[in-house]
Amino acid sequence: MQDFSFYNPTRIEFGAGKIAQLSELVPAAARVLVLLGGDSARRSGTLDEVLAALGEREVQLFNGIEPNPSFETLMQAVAQVREQQLDYLLAVGGGSVIDGTKFVAAAALYEGDAWDILLKSGQNVTAALPFGCVLTLPATGSEMNKGSVITRKSLAAKLPFMSEHLYPVFSILDPVKTYTLPPRQIANGVVDAFMHVMEQYLTYPANAPVQDRFAEGLLQTLIEIGPKALAEPEDYQTRASLMWTATLALNGLIGAGVPQDWATHMLGHELTALHGLDHAQTLAIILPEMLRQRKATKLGKLVQYAERVWGITTGSEDEKAEAAIERTRDFFESVGVKTRLGDYGLGAEHIDAIIDSLQSHGMTQLGEHGDVTPELCRNILLASL
């Protein structure tokens, strides 16, 4: 196990009816901007609950944060914060709304061009507005971490950033709020959470049995509850397990003291930025061939994954690894997330632009060993057609 520093100050309030606790969680004198995505929070009554809990506080709304939150839209929110002298943010939605709120929290206090926050991966963030979250979509884990990913449409760029200043003060997780989500969003959430675990787990053996067993338990839980979450949308216990698993997948615990990969995510970001695919869709496309093309360097962990997560105990090491890769693909397909570029209307003619974009963003030495090159990414995409 590697040495590490672990810090996570986010308070979690988990359970049905917890939105009412906003009255205690948000400072009484706060001037609040509530940030939203589409109309679902209004239609479901969640926004009404939020406003009722906030009571007499000054509250303004900002609507329209996209599924891949855009720099252009978020800068409008930054302008509103500055012009109205608002001092507290509340994200009501899924990971995209929370990611966007993190950017607004940092950019509102940043002197200079806010795009530099993305270009420097957040290393230049020295302060941020306080913010809380009301999570309505389990997927990204953004409700309990310091990271965010923002798209600048005009540049077709999707870049991550993080900062110790961008942990939510609190996050409210009410599984009931997931009941009315479309199946596509639940399926994406299952895949997204699964992939967050895989990026931190499936690297190479690092003598970290605690992190390994924790990660394997999360993966097994997702395999068990993923189909059930789709089949029984109002099963409280299943939706509660999905919501908490997605949070634990990326709150820092399983990644502490172990090598991490994230090459699948970085390549996936390019697919989203250029072609508008859902984030989880890009991950489902790339992961199987990412594992296959890198099988030699990942073999030890692939065999462990095969045996412990999928119960594959027969065959050679190579056969176990291959079987685990295909079981992973089958799992993604079983929850309705397709795993080939062709499923989304993309072909070999689109690959050059994806690789060019990857290179332009400096993503040329990815993975836990820094050996995932643009040429390897090209091979992965070709094998994913």
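**Helix packing and selected residues in a predicted model**

Setting aside neighbours within four places in sequence, Lys-295 is in contact (heavy atoms within 4.5 Å) with Leu-302, Asp-318, Ala-321 and Glu-322. The model is predicted, so local features need pLDDT of at least 70 and side-chain atom pairs count only at pLDDT 80 or more, while totals for chains, interfaces and linings use all residues. Residues are numbered from 1 along each chain as its sequence is written, and side-chain values use heavy atoms, with hydrogens and water left out.

Lys-295 lies in helix H12. Helices (H or I, at least four residues) and strands (E, at least two) are DSSP runs, numbered from the N terminus. With a relative accessibility of 16%, Lys-295 counts as buried. Buried means under 20% relative accessible area, exposed means over 50%, and partly exposed lies in between (1.4 Å probe, protein chains only).

Two packed helices are described by the angle between their axes and the distance between the axes. Axes are lines fitted to C-alpha atoms, for helices over the stretch in contact, and angles run from 0 to 180 degrees between N-to-C directions. Helix H12 (residues 295–310) packs with helix H13 (residues 317–334) at about 65°. Their axes are 8 Å apart. H12 and H13 are therefore roughly perpendicular to each other. Angles of 65 to 115 degrees count as roughly perpendicular, under 35 as roughly parallel, over 145 as roughly antiparallel, and the rest as oblique. H12 passes H13 in a left-handed crossing. A crossing is left-handed if the near helix is turned anticlockwise from the far one by less than a right angle, and right-handed if clockwise.

On the H12 side, the residues of this contact include Lys-295, Leu-299, Tyr-305 and Trp-310. On the H13 side, they include Asp-318, Ala-321, Glu-322 and Phe-331. By class, the contact of H12 with H13 has 10 nonpolar, one polar and seven charged residues. Ala, Val, Leu, Ile, Met, Phe, Trp, Tyr, Cys and Pro count as nonpolar, Asp, Glu, Lys and Arg as charged, and the others, Gly among them, as polar.

A second pair is formed by helix H7 (residues 183–201) and helix H8 (residues 209–231). The axes of H7 and H8 come within 10 Å and cross at roughly 165°. That makes H7 roughly antiparallel to H8. This crossing of H7 and H8 is left-handed. H7 contributes Pro-183, Val-190, Phe-194 and Tyr-201, among others. H8 contributes residues including Asp-212, Leu-219, Ile-223 and Leu-230. The contact of H7 with H8 divides into 16 nonpolar, one polar and two charged residues.

Ile-223 sits in helix H8. Not counting residues up to four places away in sequence, Ile-223 touches Phe-194, Val-309, Trp-310 and Phe-331. The C-alpha atoms of Ile-223 and Ile-98 are separated by 26 Å, and these two residues are 125 residues apart along the chain.

H7 also packs with H10, at an angle of about 135° and with the axes 9 Å apart. H7 and H10 are therefore oblique to each other. Asp-192, Met-195, His-196 and Glu-199 in H7 meet Ala-263, Thr-264 and His-265 in H10. By class, this contact has two nonpolar, three polar and two charged residues. His-269 is also found in helix H10 (residues 263–275). His-269 counts as buried, at 3% relative accessibility. Beyond residues up to four places away in sequence, His-269 touches Val-149, Lys-158 and His-279.

Several loop residues were examined as well. Ala-156 lies in the loop between strand S6 (147–152) and strand S7 (157–162). Phi of Ala-156 is near 50°, a positive value in a residue other than glycine. Ala-156 counts as partly exposed, at 22% relative accessibility. Asn-207 is found in the loop between H7 and H8. Asn-207 is not a glycine, yet has a positive phi of about 55°. With a relative accessible area of 68%, Asn-207 is exposed. Glu-349 occupies the loop between H13 and helix H14 (351–360). Glu-349 is exposed, with a relative accessible area of 62%.

A search of the whole structure finds zero disulfides (pairs of cysteine sulfur atoms within 2.5 Å). Cys-133 is buried, with a relative accessible area of 0%. Cys-377 also counts as buried, at 0% relative accessibility.
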